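Colleague: I am new to reading structures. Could you take me through one, feature by feature?

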Amino acid sequence: MILYLHPENPEIRKLKQISDRLKDGAVFIFPTDTVYAIIADSHSKLGVEKIYAIRKLPKDKPLSLMCKDISMASNFIEYLPNSAYRLMKRVTPGPFTFVLKANKNLPKPSVVHHKDKQIGIRIPDHIYLTELLKIHDSPLTSTSAFCDDEFIIDIDDLESIYGNQVDGIVDGGIVRMELSTILQINDDSIDLIREGKGYDLIAGEISG
């Protein structure tokens, strides 16, 4: 089912309904500032398991954690160096995934099968997710909408492939196929894992 939100002022009532359903284990597809993402409530065992099943991912494959801001993200990070905090403050919300050492507060359904103690944090710059996270007020577990070695960027293709597997697909039009820039945050360095959208904003500041 394709859902429509106002592109500048998303309807709070509709977002509240989506939030409530996410808490009950529903899974939705949302546009992001990069590609479309499949999302679930990070605390919902049912929702997270649906993501793994839909994407046919191995249970030890890490998923990202979407947060509304650095303050929310810091609840799940063991240590955030000053240099990394300054960088995150400058470029978020934005098309970056920050891989950091996690603490014990991570939502268990989202990390129960992970072998390491790291988590990818996203603070997306898209009005639909920004407003949803304000209402939902807890992180969302997410992964890119991906099928047959391709990212799905067209709403009609998303409906055709995932329409019977998810509880709703929020129409964001055809998105550009741009992946997030992934950065590894260590105690004394910030290393580039994948160059993607937004890299030009940080080029020269990190280790390649």
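Modeller: Start with Ser138, which lies in the loop between α6 and β7. Bear in mind that this is a predicted model.

Colleague: Is Ser138 buried or exposed?

Modeller: Ser138 counts as buried, because its relative accessibility is 12% and the cut-off for buried is under 20%.

Colleague: Which residues is Ser138 in contact with, leaving aside neighbours within four places in sequence?

Modeller: Asp41, His43, Met72 and Leu133.

Colleague: How exposed is Asp137?

Modeller: Asp137 is partly exposed, because its relative accessible area is 47%.

Colleague: Where is Lys56, which also has a positive phi?

Modeller: Lys56 is found in the loop between α2 and β4. Its phi is about 55°, although Lys56 is not a glycine.

Colleague: Is Lys56 buried or exposed?

Modeller: Exposed: the relative accessibility of Lys56 is 71%, and the cut-off for exposed is over 50%.

Colleague: Next, peptide bonds. What is the general idea?

Modeller: Most peptide bonds are trans. In this model, the bond from Thr92 to Pro93 is cis, with omega near 0°. Pro93 is found in the loop between α4 (82-91) and β5.

Colleague: Now helices. How is a packed pair described?

Modeller: By two values: the angle between the axes and the distance between them. Take helix α1 (residues 12-23) and helix α6 (residues 127-136). Their axes come within 9 Å and cross at roughly 65°. The crossing of α1 and α6 is right-handed.

Colleague: Which residues make the contact between α1 and α6?

Modeller: From α1, they are Ile12, Leu15, Lys16, Ile18, Ser19, Leu22 and Lys23. From α6, they are Tyr128, Glu131, Leu132, Ile135 and His136.

Colleague: How many residues of the contact of α1 with α6 are nonpolar, polar and charged?

Modeller: Seven are nonpolar, two are polar and three are charged.

Colleague: Which residues of α6 are buried?

Modeller: Tyr128, Leu129, Glu131, Leu132, Leu133 and His136.

Colleague: What do the buried residues of α6 pack against?

Modeller: They pack against α1 and against several strands: β2, β3 (37-41), β4 (64-66), β7 (140-144) and β10 (168-170).

Colleague: Let us turn to a charged residue. Where is Arg55?

Modeller: Arg55 is in helix α2 (residues 45-55). Arg55 counts as buried, because its relative accessibility is 16%.

Colleague: What does the side chain of Arg55 make a polar contact with?

Modeller: With the side chain of Thr143, at 3.1 Å. Not counting residues up to four places away in sequence, Arg55 touches Ile38, Thr143, Ser144, Phe146 and Tyr162.

Colleague: How do I read distance along the chain against distance in space?

Modeller: Compare the two values for a given pair. Leu106 and Ile77 are 29 residues apart in sequence and 8.5 Å apart in space, C-alpha to C-alpha. Leu106 is found in the loop between β5 (96-101) and α5. Leu106 is buried, because its relative accessible area is 10%.

Colleague: What separates the C-alpha atoms of Glu205 and Ile190?

Modeller: Those atoms are separated by 8.3 Å, and the residues are 15 apart along the chain. Glu205 lies in the segment after β12 (190-194). At 47% relative accessibility, Glu205 counts as partly exposed. Leaving aside its neighbours within four places in sequence, Glu205 is in contact with Leu87 and Arg90.

Colleague: And what about Glu8 and Leu201?

Modeller: Glu8 and Leu201 are 193 residues apart along the chain, and their C-alpha atoms are separated by 25 Å. Glu8 lies in the loop between β1 (2-3) and α1. Glu8 counts as exposed, because its relative accessibility is 59%.

Colleague: Last topic: confidence. What pLDDT does the chain average?

Modeller: The average is 90, and 95% of the residues score at least 70.

Colleague: Where in the chain is confidence lowest, and where is it highest?

Modeller: Confidence is lowest in helix α5 (residues 108-111), at a mean of 62. Confidence is highest in strand β2 (residues 27-30), at 98.

How values were computed. Residues numbered from 1 in each chain as written. Predicted model: local features only at pLDDT ≥ 70, side-chain atom pairs only at ≥ 80, totals over all residues. Heavy atoms only, no water. Axes fitted to C-alpha atoms, helices over the stretch in contact; angles between N-to-C directions. Helix = DSSP H or I, 4+ residues; strand = E, 2+ residues; numbered from the N terminus. Left-handed = near helix turned anticlockwise from the far one by under 90°. Contact = heavy atoms within 4.5 Å. Nonpolar A, V, L, I, M, F, W, Y, C, P; charged D, E, K, R; others polar. Buried < 20%, exposed > 50% of the residue type's maximum accessible area, 1.4 Å probe, protein only. Polar contact = N/O pair within 3.5 Å; in protein donor to acceptor, adjacent residues only side chain to side chain. pLDDT = per-residue confidence, 0-100.
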